[in-house]
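Please view the sequence and the structure together before reading on.

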Amino acid sequence: MSEARERLTPQQRAFVLLQRVLPTLMLSRLAHRITRSQRAWLKRRLIQRFMSHFGISLADARLRNPDAYVSFNHFFTRALVPSARPIDPDTDALISPVDGAVSQAGAIQEGRLIQAKGIRYSAAELLGLDAVGLGAFLGGEFATLYLSPKDYHRIHMPMDGKLISMSFQPGRLFSVNPTTVAGIPRVFSRNERLNLFFETAVGPFALVLVGAIFVGSIETRWTGVVTPPHGQRAWQKRMDTPVSVAKGEEIGRFNMGSTVILLAGAGGVQWSSQLQPLAPLRMGQRIGTLGRD
């Protein structure tokens, strides 16, 4: 048993065990239907209870009246006014692509990433790459950012780049909250996920959008909705022409919360000293400095 799992309480261990037996794909399909319902009484009740439970304010939202949202998912993926998330303007700044909190960040050592203290997992498995494909990221850096249910759930580009390919990896839909991350080895590479690969001025860069239980859908501006359906086969797509994406541009969204993992090649980025586990983040703030002159 890993050091991280040894520290779990009996209640936390029971929560982890429950996820192993729950029909997470079926529950996520059900959540997808409910959160998209446009029945006024249902979406109003869901929004009101969610706002009350998580203490959510709509002061920064483009639509500030809860009744203006046509469904709970419309509310959950709400757009913000531009001034709510200023983008660090420095050309050497790598910005956070999301609101959330730091799970882990550091070096990609021997092709492995830190999931939690005492737990490591394969970058190649996460990205769906062989040893040759992973070579571009060896000796590089990674950061795992967790989005809680209360966070802004649109995903933005951390730096200027060109999308060259994407791939989908099927899998489970475990929760990605801190308890599960400490209790289920390889949880990020077990869950279904969408990998986006970019060319940048500092070398290769990847964003991994990890699905989770009750994540009714992952979508991007290039593909539209990727999931559902859940449980689909693995696929990959190379862009006919690389797509330029500017720092701060919206690239996708989680329809319910999850995790984003950033990976850069050797010398590509240097993380800010403030990028420590549990540190809160807001989209647009500087989380690192770009390398390679």
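How exposed is Glu 125, in terms of relative accessible area? In this predicted model, Glu 125 has a relative accessible area of 30% and is therefore partly exposed. Its salt-bridge partner is Arg 186, with the closest N and O atoms 2.7 Å apart.

**Salt bridges across the chain**

- The pair of Arg 186 and Glu 125 links distant parts of the chain, with Arg 186 in the loop between helices H8 and H9 and Glu 125 in helix H6, 61 residues apart.
- Arg 186 counts as partly exposed, at 30% relative accessibility.
- A salt bridge with an N to O distance of 3.0 Å joins the side chains of Arg 286 and Asp 92; because Arg 286 lies in strand S17 and Asp 92 in the loop between H5 and strand S1, this pair ties together parts that are 194 residues apart in sequence.
- Arg 286 is partly exposed at 26% relative accessibility, and Asp 92 is partly exposed with a relative accessible area of 33%.

- Within it, the side chains of Arg 282 and Asp 60 meet at 3.8 Å, N to O.
- Arg 282 is partly exposed with a relative accessible area of 42%, and Asp 60 is partly exposed at 31%.

**Sheet**

- Four strands form an open sheet in the order S6-S13-S10-S11, with antiparallel pairing, and its edge strands are S6 (154-156) and S11 (224-227).
- Strands S10 and S11 run antiparallel and are joined by 3 bridges, with Thr 227 in S11 as the bridge partner of Ile 218.

Technical notes: Residues numbered from 1 in each chain as written. Predicted model: local features only at pLDDT ≥ 70, side-chain atom pairs only at ≥ 80, totals over all residues. Heavy atoms only, no water. Pairing = 2+ DSSP bridges. Helix = DSSP H or I, 4+ residues; strand = E, 2+ residues; numbered from the N terminus. Salt bridge = Lys/Arg side-chain N within 4 Å of Asp/Glu carboxyl O. Buried < 20%, exposed > 50% of the residue type's maximum accessible area, 1.4 Å probe, protein only.
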